[in-house]
Amino acid sequence: MSITVPAAKSMQGNLVLYSTSIKVKNLVEPGFYSIEKLDPDNKTETGYQRVLNTARARKLADYILKGQENKDAFLPTSILLATDKDIHLNESENTITISKETEPFSVVDGQHRLEGLRMAAEKNHDILDFQVPVNIATKLDKISQMCHFLIVNTTQKSVDKGVEQRIYARLTEMVVTEHIPSLPKWIQTIINRGEIDKALKIVDYLNTEENSPWNGKIQIADHIKKGTTIKQGSFVTLLKRNFLVANNPLLALGDSEIEKKIFLNYWKAICDLLDDNSDTVLYKYNGVDLFCKFSIPFFHKLMAADPNAFQVDRMKGELERCFESMEGDYAGVGYPEWWHKGGIAGGMNASALTKVVQAMAHALNRRNMTSGEITI
């Protein structure tokens with residue numbers, strides 16, 4: 001096979017790169033490229049590629065197939081191929097010719113995209129004419145190719161988690177009223193669930209309410225600000241994992257505004273008891289993790305006694321009784337000193353925090369809850 005394609009030449013030090021676009025039918029032609037897998041047991045080999053994740057490639061294939069139907073498939077990230085041979089640019093026509101002499105190309109970056117495109121083309125032959133941006137590095141020996149693979153895969157920085165969450169939330173709000181292009185199934189699922197949008201609204205509420213103990217303490221998206229103690233991305237993730245779950249009784253209320261106010265009251269009660277104005281872990285990852293987990297048994301107990309009472313004083317009283325009933329290694333959880341920076345709380349891992357939550361839930365159920373009037 002021999003193809004001639006438009007190309008632009010770039011020089012990066014001694015590296016010659018050609019930027020072009022190649023149709024899928026050429027990319028998947030047998031012998032066009034090869035992938036040298038990493039064999040950890042053979043130190044003399046120069047293979048460097050990871051084992052292909054078929055599930056990941058299939059996700060891309062599903063996205064391409066769906067996008068092909070709507071004519072809005074979008075795959076702008078270029079595949080990086082390499083050859084140890086030279087390729088000459090036809091400067092009068094700005095083209096390069098790829099032939100058997102230059103093949104097979106080594107895949108430095110993009111093996112999952114190539115496999116996903118191949119899978120999609122097997123199901124829909126129209127995809128064979130889909131054009132893919134490709135960068136071709138020339139006169140690059142195998143060792144250099146391996147080094148470039150390492151550089152590409154260790155220096156690329158993914159988008160900030162907080163920014164990613166903001167985008168998901170905006171798409172969730174827009175999906176009903178705006179035309180959204182074809183998206184990978186896993187992204188569409190996240191948007192449809194709406195969990196990130198809901199968690200983000202709670203975080204923003206806690207961070208902006210004037211009388212909130214969290215006011216100004218949460219670093220929003222990619223915005224660095226003094227005085228913050230936890231990133232939005234971490235807080236949203238913990239809410240999704242430990243608060244916005246099927247067994248959360250607050251979700252049965254069906255009112256997101258009330259849920260936010262109740263959750264704020266919960267944190268007011270916690271901080272009234274445990275924040276003594278010292279440098280505390282309470283407002284860091286471990287504090288959020290523990291009290292998001294504990295909120296489920298706490299609200300179950302609270303609502304079982306009186307489903308219409310969520311005032312701060314009532315929650316504070318129930319927390320005090322819970323802390324007083326704590327025994328053993330975690331008896332100190334109800335004292336501010338336990339949460340001081342450099343203290344016990346900061347040194348705990350996820351497994352240890354889960355054990356603390358279990359002990360708190362056990363202590364909570366030792367006493368009967370008192371009832372009261374609702375004041376949110």
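The model described here is predicted, so local features need pLDDT of at least 70 and side-chain atom pairs count only at pLDDT 80 or more, while totals for chains, interfaces and linings use all residues. Residues are numbered from 1 along each chain as its sequence is written, and side-chain values use heavy atoms, with hydrogens and water left out.

Helices (H or I, at least four residues) and strands (E, at least two) are DSSP runs numbered from the N terminus. Axes are lines fitted to C-alpha atoms, for helices over the stretch in contact, and angles run from 0 to 180 degrees between N-to-C directions.

Helix 5 and helix 8 (residues 232-242) pack at an angle of about 60°, and their axes are 7 Å apart. Helix 5 and helix 8 are therefore oblique to each other. The crossing of helix 5 with helix 8 is left-handed (the near helix is turned anticlockwise from the far one by less than a right angle; clockwise would be right-handed). Helix 5 makes this contact (heavy atoms within 4.5 Å) through Lys 161, Gly 162, Gln 165 and Arg 166, and helix 8 through Gln 232, Gly 233, Val 236 and Thr 237. By class, the contact of helix 5 with helix 8 has one nonpolar, five polar and two charged residues. Here Ala, Val, Leu, Ile, Met, Phe, Trp, Tyr, Cys and Pro count as nonpolar, Asp, Glu, Lys and Arg as charged, and the others, Gly among them, as polar.

Helix 5 (residues 161-174) also packs against helix 7 (residues 195-208), at an angle of about 115° and with the axes 8 Å apart. Helix 5 and helix 7 are therefore roughly perpendicular to each other. Their crossing is left-handed. On helix 5 the contact is made by Gln 165, Arg 166, Tyr 168, Ala 169, Thr 172 and Glu 173, and on helix 7 by Ile 196, Asp 197, Leu 200, Lys 201 and Asp 204. The residues in the contact of helix 5 with helix 7 divide into four nonpolar, two polar and five charged.

Back on helix 8, the buried residues (under 20% relative accessible area; exposed is over 50%, partly exposed in between, with a 1.4 Å probe and protein chains only) are Gln 232, Gly 233, Phe 235, Val 236, Leu 238, Leu 239 and Asn 242. Their cover includes helix 5, helix 7, strand 10, strand 11 (230-231), helix 9 (256-274) and helix 10 (285-305). Gln 219 lies in strand 10 (residues 218-219). Gln 219 is buried, with a relative accessible area of 13%. Leaving aside neighbours within four places in sequence, Gln 219 is in contact with Ile 224, Thr 228, Ile 230, Lys 231 and Gln 232.

The strands come next. Two strands pair if DSSP finds at least two bridges between them. Strand 2 (residues 8-12) and strand 3 (residues 15-23) run antiparallel and are joined by five bridges, and Met 11 has Val 16 of strand 3 as its bridge partner. In their hairpin, with two residues between the strands, Gly 13 takes a positive phi near 65°. Strand 3 is also joined to strand 9 (residues 131-138), antiparallel, by eight bridges; Ile 22 has Val 132 of strand 9 as its bridge partner.

An open sheet of three strands has the order 1-7-6 and antiparallel pairing. Its edge strands are strand 1 (3-6) and strand 6 (89-90), each pairing on one side only. Strand 6 and strand 7 (residues 95-98) are joined by two bridges, and Leu 89 has Ile 96 of strand 7 as its bridge partner.

Terms used:
Parallel < 35°, antiparallel > 145°, perpendicular 65-115°, else oblique.
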